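Have the structure open as you read.

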Amino acid sequence: MTKLEKQIIDIFKNNLKDKKIKKNSTIQNTEGWDSLNHVNIVSEVSKKFSIKISFNEMVNINSVRNIISLVKKKL
């Protein structure tokens, strides 16, 4: 796991209070990943990496792997 992946997973763990978050975690199989937490996670990721995530990009994020890919593209 890269440093970037660990940082993003840690953001998920802190926001969802779920220590079982992995790269293959999705919005469908992760307890507590609701719309409010989704916005909080995206906001925190964008601040941490100093990137802008558009509304369309935000609504298309449905997995940890997906947001990791998005961040990598923007860095």
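Predicted model: local features only at pLDDT ≥ 70, side-chain atom pairs only at ≥ 80, totals over all residues.

The buried residues of H1 pack against helix H2 (35-48) and helix H4 (64-74).

**Helix H1**
- H1 covers residues 3-16, and its 14 residues should span 20 Å at 1.5 Å a residue; the end C-alpha atoms are 20 Å apart, which agrees.
- Leu 4, Glu 5, Ile 8, Ile 9, Ile 11, Phe 12, Asn 15 and Leu 16 are buried in H1.
- Seen down the axis of H1, these buried residues fall within an arc of 150 degrees, so they line one face of the helix.

**Helix H4**
- In H4, the buried residues are Val 64, Ile 67, Ile 68, Leu 70 and Val 71.
- Their arc around the axis is only 160 degrees, which puts them on the same side of H4.
- The cover over the buried residues of H4 includes H1, H2 and helix H3 (55-60).

**How H1 and H4 pack**
- The two helices, H1 and H4, pack at an angle of about 130 degrees, and their axes are 10 Å apart.
- H1 and H4 are therefore oblique to each other.
- The crossing in which H1 passes H4 is right-handed.
- On the H1 side, Leu 4, Glu 5, Ile 8, Ile 9 and Phe 12 meet Val 64, Ile 67, Ile 68, Val 71 and Lys 72 of H4.

Conventions
Residues numbered from 1 in each chain as written. Heavy atoms only, no water. Helix = DSSP H or I, 4+ residues; strand = E, 2+ residues; numbered from the N terminus. Expected span 1.5 Å × (residues − 1). Buried < 20%, exposed > 50% of the residue type's maximum accessible area, 1.4 Å probe, protein only. Arc of directions from axis to C-beta. Contact = heavy atoms within 4.5 Å. Axes fitted to C-alpha atoms, helices over the stretch in contact; angles between N-to-C directions. Parallel < 35°, antiparallel > 145°, perpendicular 65-115°, else oblique. Left-handed = near helix turned anticlockwise from the far one by under 90°.
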